[in-house]
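The following exercises are meant to be worked through with the structure in view.

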Amino acid sequence: EPKKEPKKEESAKTKPTPSEPEYNPYEVSKNFKFEKKEKTAEEEEEEKKEANGFSFKKILKMFTDTPDHTDDFFKEDASKNKATSIIAMFGITFWVPFVFSPRSVYSRYYANQGLLMLILSVPFAILYGIFSGIVSVACTYTNGQNQTVLSPAGWIVNLIFFAIIYAIPIYTLVLMISAIRKGKAKELPFLGSLRLVR
């Protein structure tokens with residue numbers, strides 16, 4: 001008997017249909033070429049300054065890009081104990097979390113940061129004391145009642161020295177309070193990795 005030819009429908013089923021390759025958005029095309037972007041003279045100068053020495057951006061990064069430990073704490077703990085954590089950051093009041101929220105791990109973390117803030121502010125206080133002493137000697141006068149009084153110029157100079165010397169601690173305090181209000185757990189610049197109280 002003559003052999004029967006297979007039906008077209010059956011042959012279509014057995015043969016695999018060619019499928020299009022899946023689109024991968026992360027795959028770089030073979031024809032793609034990286035074009036080097038030309039930098040302006042100003043951008044090149046800024047890069048040279050950053051590479052050679054300290055720039056204002058680098059100094060700001062030292063304060064703003066401190067390690068973040070937010071994931072180590074519960075969100076509920078952070079949201080409930082923001083007030084005691086903020087108070088602790090003023091240095092002298094670092095003990096407040098241990099009295100008012102002793103079970104809060106988040107506020108105790110900031111109690112440690114507050115103690116470090118107190119230690120960090122000591123050299124600035126000594127420096128301001130020295131300058132203030134010099135100003136008080138140089139800008140005082142004796143009034144009609146034989147009383148030694150600081151002159152108005154002395155008060156102004158004292159305020160200027162206070163603003164200059166305490167600029168770093170005040171800026172750091174503002175950054176830390178801002179982090180607490182957002183529920184974050186950031187380290188204090190320079191000393192934040194130390195653990196003095198737990």
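Accessible areas come from the Shrake-Rupley method with a 1.4 Å probe. The model used throughout these exercises is a predicted one.

**Exercise 1. Describe the chain as a whole: which elements does the chain have, and how much of its accessible surface belongs to carbon and sulfur atoms?**

Begin with the elements, of which there are 9 helices and 2 strands; read from the N terminus, their order is α-α-α-α-α-α-α-β-β-α-α. Then consider burial, for which the chain of 198 residues has a buried share of 27%. Finally, take the contacts between residues at least 6 apart in sequence, and note that 66% of them join residues at least 24 apart.

**Exercise 2. Find the residues that touch the most other members of the largest nonpolar core, and say which element gives the largest share of this core.**

The largest nonpolar core has 19 residues, and those touching the most other members are Met 89, Tyr 106, Tyr 110, Ala 185 and Leu 188. Two or more residues of this core come from each of α7 (105-138) and α9 (167-181), and the largest share, 7 residues, is given by α7.

**Exercise 3. Decide whether Val 122 is buried, partly exposed or exposed, and name the surface patch to which Val 122 belongs.**

Val 122 lies in helix α7. Because its relative accessible area is 42%, Val 122 counts as partly exposed, the range for that term being between 20% and 50%. Together with Ile 126, Leu 127, Ile 130, Phe 131 and Ile 134, Val 122 makes a nonpolar surface patch of about 520 Å².

**Exercise 4. Compare Pro 189 and Phe 190: is each one buried or exposed?**

Both belong to the segment after α9. Pro 189 is buried, since its relative accessible area is 2%, whereas Phe 190, at 55%, is exposed. Beyond its neighbours within four places in sequence, Pro 189 contacts Met 62, Phe 63, Thr 66 and Thr 172; the C-alpha atoms of Pro 189 and Phe 63 are 5.5 Å apart, although 126 residues separate the two along the chain. For the backbone, recall that most residues other than glycine have a negative phi. Phe 190 has a positive phi, near 75 degrees.

Methods: Residues are numbered from 1 along each chain as its sequence is written. This is a predicted model: local features need pLDDT of at least 70, side-chain atom pairs count only at pLDDT 80 or more; totals for chains, interfaces and linings use all residues. Side-chain values use heavy atoms; hydrogens and water are left out. A nonpolar core is a set of buried Ala, Val, Leu, Ile, Met, Phe, Trp, Tyr and Cys residues joined through side-chain atoms within 4.5 Å. Buried means under 20% relative accessible area, exposed over 50%, partly exposed in between (1.4 Å probe, protein chains only). Helices (H or I, at least four residues) and strands (E, at least two) are DSSP runs, numbered from the N terminus. Patches are made of residues with over 30% relative accessible area and no salt bridge: like charges are joined within 9 Å, nonpolar side chains (Val, Leu, Ile, Met, Phe, Trp, Tyr) within 5 Å. A salt bridge is a side-chain nitrogen of Lys or Arg within 4 Å of a carboxyl oxygen of Asp or Glu. Contact means heavy atoms within 4.5 Å.
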